[in-house]
Amino acid sequence: MYYDPEIETMERGRLEALQSERLVRQVERVYRTSPFYRKKFDEVGVKPEDIKGLEDVARLPFVTKDELRQAQEAEGRFGGLACAEPAAWRELHPSSGTTGRSVYTLWTARDVEAITDFTARLLWSQGVRPGDTIQNAFSYGLWVAGLAVHYAAGRLGCFVVPIGATQSARQVDLFHEWRPTVFFSTPSFALYLVEKLQEQGVSGSELALRIGSFGGEAGAEVAATRRRLEEGLGIDAYDIYGLAEIGPTMAAECQCKDGLHWTEDHHLIEVVDRNTGEPVPEGEEGVIVITHLTREGTPMIRYWTNDIGRLVKEPCRCGRTHARSPGGILGRADDIIIYKGVNFYPSQVEDVVRSIPEISDEFRIRLEVNPYGRDICTLVAEVLQAGSEAAVRQKLAARLREALGVGLEIELVALNSLERTAFKARRVLDMRPKLAS
Ligand code: DLL
């Protein structure tokens, strides 16, 4: 049932005592070895000895991605963040840099070992077992997820098809020829492969796949997307979450599919108000802030992920005691769309689109300002059958209004007009003039 029963089912009090002890040690260590943290803590007047346990964590300042970029730009390499001697360095993992200069992070030999171990634990919780054949379509190389899953698969005794995030036709061929039982990719890429299978007239039940684990973007926990993935590939679909600065896989859904389970022995998770930075009550939405409790290379202390989620600490039905984020990552703080006074996340639009069988899985949300200065939000969707536009438009309009509490403009286009991706989709097109800052 469990990969590491002692850690996974540890009584909450003991787990928090372990986190406390690791936090105190980590804060002392980063202050001693990292000029970046020493300066930061000195600026707010916090000394390592002030941090005696979890109750003191809020005294520490947040770390933001912008701040890491600035430090690395000014000082080069890790920007004073590296806390280990070069002899212990093993892997360099820059962030993808889609929103600006990449941030460099470092894994030491012990970090690689810890990542392998807790990723293996997460895969096990999704039902992956020795003897499984894993087709890994997470990107290999600098991106963090491909290698972490690869290492974990080896640790579990699985056979890996290390294809990475490319070659959609080959992915489908490999499904047929090597009959993998487990598949990893972004949800967008998996849906693209489902389309390819459907073009071949192949249904999910004809494949050998049993488990799909999807991350890098929201999707697996969006009900309609999960249904399409499960039916299209004949699998149980699970969510898995990570980010470059923290690591590939800090959290994943278990077989109960009841939210992302964190690996709390290695990561301290806080949820804070996006405006004030104050902790929100348990179960409420806010920005996820993560502290590395065991990372050696480039540890993050109170890293502001900008991802929005909730945290509950009651044990899961699976018996694991580590806290969960029900519903997964709801969106990014900077992705929230405010339209006609109503707030919503792109994933809510995704859920509507994928619940309507007459349109494809691909869509765009276009934000623009009309000549009279009014905001316009348009959903662009692909109809599967020409001639059905009027009925589809009516259904879509009604469902969107019901789900979001506001109506969107609708533009219907022909199937395959919108680009598909092997990586992460960019579905929000913001064409509004940028305000000068
Ligand atoms: O996406 C690492 C990763 C890939 C983890 C695949 C797990 C599986 P980055 O490229 O740095 O790293 O992007 C991180 O992607 O802050 C979230 O906004 C988003 N994200 C990643 N996984 C999920 C998920 C990898 N399961 C950023 N649900 C994060 C929702 C996700 N958003």
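**The ligand and its surroundings**

Author: The C-alpha centres of domain 1 and domain 2 lie 29 Å apart, and the chain is divided into domain 1 (1-334) and domain 2 (336-430), with bounds from an automatic or database domain assignment. Their contact, meaning heavy atoms within 4.5 Å, takes 28 residues from domain 1 and 22 residues from domain 2. Between them the two domains bury about 2000 Å², 48% of it on carbon and sulfur atoms; buried area is the accessible area (1.4 Å probe) that two parts lose on being put together, summed over both.

This is a predicted model, in which local features need pLDDT of at least 70 and side-chain atom pairs count only at pLDDT 80 or more, while totals for chains, interfaces and linings use all residues. Residues are numbered from 1 along each chain as its sequence is written, and side-chain values use heavy atoms, with hydrogens and water left out.

Around the ligand stand 19 residues, of which Trp143, Asp239, Ile240, Asp307 and Lys424 come nearest; a residue counts as near if one of its heavy atoms lies within 4 Å. Among the polar contacts (pairs of N or O atoms within 3.5 Å), a polar side-chain atom of Asp307 lies 2.6 Å from an oxygen atom of the ligand. A backbone N or O atom of Ile240 lies 2.7 Å from a ligand nitrogen atom, and for Glu217 a backbone N or O atom lies 3.4 Å from a nitrogen atom of the ligand. Taken alone, the ligand exposes 610 Å², and the protein buries 93% of that, with areas from the Shrake-Rupley method and a 1.4 Å probe.

Helix H6 (144-156) and strand S7 (236-243) are the elements that give two or more residues to this shell, and S7 supplies its largest share, five residues; helices (H or I, at least four residues) and strands (E, at least two) are DSSP runs, numbered from the N terminus.

Definitions and conventions. A polar contact is a pair of N or O atoms within 3.5 Å; within protein, one must be able to donate a hydrogen and the other to accept it, and residues adjacent in sequence count only if both atoms are side-chain atoms.
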